[in-house]
Amino acid sequence: MPSIQPLTLLRDSRALATLAVPLVLTQLAQVALTTTDTVMMGLLGTQALAAGGLAIVIFNQLRTMGVGLVTSVGNRIAAAAARAERADSHGADGADAAAADAEVVKIVRASLAVATLAGLVGAVLMILIGQALTWLGQDAAVADRAQTMLLALAPGLLPCLWFQAIRQFTVGMRRPQALLQITIASVAVNAGLNWLLIHGTWGLPELGLPGIGVATSTVYLLSFLALYLSAKRDSVLAPLLSLNILGADRATVRELVRLGVPIAATYGSEAGFFSVTALMAGSFGSAALAAHTAVNQLVYIVFQVAVGLSHAASINVSRELALGRPDAARRIKNTALACAAAVMAVVAVVYATLPGLVLRPFLDADAAGDEKAVAIATQLLFVIAFLQFFDCAQNIGVGLLRGLDDTKSGFRITLIGYWLVGLPAAWLLGYAAGLDTLGIWLGLLVGLATTAVLLLRRYGIGLRARTLAQEPVTAA
């Protein structure tokens, strides 16, 4: 028995890595996409950066919540595909496998229908919010430029969410390899289109800041088409991929919405939580806000590792439960947390030993006015070295619960951890205790740690309940 455990751990790690590695790299490539836009805005001047940054914040908030609506698609497809695999392995007559394949087709159609609805509603909301920016206290000149950027970004939300729906399909089928190549290519295409449309090169119109929005929308459309064509060339995926949105099964659409709304709310709640802490940091001055922004970007970059692991773990849990293997689902939690801890430990060592190098892309210790910000950020690095363990764990916890089709518990727990524990702790430590920005980040740490513990505890309870429900009842 002792010799089996290392082999089992190796097998579980390989299964997790097969999905997690391409997903992590894809997430990091998407960060490069938004970073390119930000750099291009900065080249146009401070006002353009402020207006464009404001527009992207609004776009990303709506995009993130739209993505949440279709995130459960991968889990549903993974479970259906596993049932088809089990039917084949048990020598069924083919009817069960055909039914499972039909279920996948229904889920794909329904996911594209949900993505279409979310994209249209989100685009309208984006334009309406842009028109209300001056009422929300924004500078009139900045608000006017942000509106033009939002008009250019709004059409891109629809193909962006279509891409996400098909992405969930490919991940659920455990065939995500094309995602990374397409995302990397999109970064290069986006940078080129940004430059051409900003400056009007090669006979194209000189659009300035809105050119970045047009480029982004165009890249989302091209990415969707590339992923769709890639899937249609895959002999396994092609028969199951249907764009017949009008033929979507209403019951399946309702089920995806039921599962997706709590996920969208969770994503929105987390984004709002970090936005409020940014406002709190800004109350301590520009140096504190600059330090907070730099450190928050570092957390965001490393967070993509957690996103990849969380999604891979979630898909694998759905698959193992559909195959009737709850013990394997239990091991997935431990494997994902162990992988996350290993990565976070390496990152923590880098923060502790090379703080100047880590902060240099954001803050220059030799530049006038940056000395205080660098000092604050260096102090914060030691906090996030620990915070990232809990941030990663809580994200994995949300994914694990999604594997149980339990999205409501994840939302409720994150509300408790973020808003009832984390935010008051940040206020008490930042203001009442006089620790300023350090106190805010210590409060974030407390909130994320609470959330992680509650989510993982809930997963253990939910998995035990599923295991008992699947066990055969023997007569007395």
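**Helix pair one.** I began with α6 and α8, which are roughly parallel to each other; that label takes angles under 35 degrees, with over 145 as roughly antiparallel, 65 to 115 as roughly perpendicular and the rest as oblique. This is a predicted model, so I note that local features need pLDDT of at least 70 and side-chain atom pairs count only at pLDDT 80 or more, while totals for chains, interfaces and linings use all residues. Residues are numbered from 1 along each chain as its sequence is written, and side-chain values use heavy atoms, with hydrogens and water left out.

α6 covers residues 157-172 and α8 residues 209-232; I get an angle of about 30 degrees, with the axes 8 Å apart. Axes here are lines fitted to C-alpha atoms, for helices over the stretch in contact, and angles run from 0 to 180 degrees between N-to-C directions. Helices are DSSP runs (H or I, at least four residues), numbered from the N terminus, and strands are E runs of at least two.

The crossing of α6 past α8 is left-handed, that is, the near helix is turned anticlockwise from the far one by less than a right angle; clockwise would be right-handed. I listed the contact (heavy atoms within 4.5 Å): α6 brings P159, C160, W162, F163, I166 and R167, and α8 brings S217, Y220, L221, S223, F224, L227 and Y228. Sorted by type, those residues give 10 nonpolar, two polar and one charged. For the types, Ala, Val, Leu, Ile, Met, Phe, Trp, Tyr, Cys and Pro count as nonpolar, Asp, Glu, Lys and Arg as charged, and the others, Gly among them, as polar.

**Helix pair two.** Next I checked α5 (residues 140-153) against α8: their axes come within 7 Å and cross at roughly 20 degrees. α5 and α8 are therefore roughly parallel to each other, and their crossing is right-handed. On the α5 side I find R145, T148, M149, A152 and L153, meeting L209, P210, I212, G213, V214, T216 and S217 of α8. This contact divides into seven nonpolar, four polar and one charged.

**Core.** Which residues touch the most other members of the largest nonpolar core? I get M126, F169, Y351 and W441, out of 126 residues. Helix α10 (residues 286-322) supplies the largest share of this core, 17 residues. A nonpolar core means buried Ala, Val, Leu, Ile, Met, Phe, Trp, Tyr and Cys residues joined through side-chain atoms within 4.5 Å. Skipping neighbours within four places in sequence, I see F169 in contact with I77, V104, V108, L237, L240 and L241.

**Single residues.** Buried or exposed, what is T71? T71 is buried, at 1% relative accessible area; buried means under 20%, exposed over 50%, partly exposed in between (1.4 Å probe, protein chains only). T71 sits in the loop between α2 (46-70) and α3 (72-89). Beyond four places in sequence, T71 contacts Q168, I263, Y267, H311 and R402.

I376 is in helix α13 (residues 371-403) and is buried too, with 16% relative accessible area. Not counting residues up to four places away, I376 touches A287, A288, A291 and T437.

**Positive phi.** I noted R174, not a glycine, with a positive phi of about 60 degrees. R174 lies in the loop between α6 and α7 (177-199) and is partly exposed at 28%. D405, also other than glycine, has a positive phi near 60 degrees; its place is the loop between α13 and α14 (408-432), and D405 is partly exposed at 33%.
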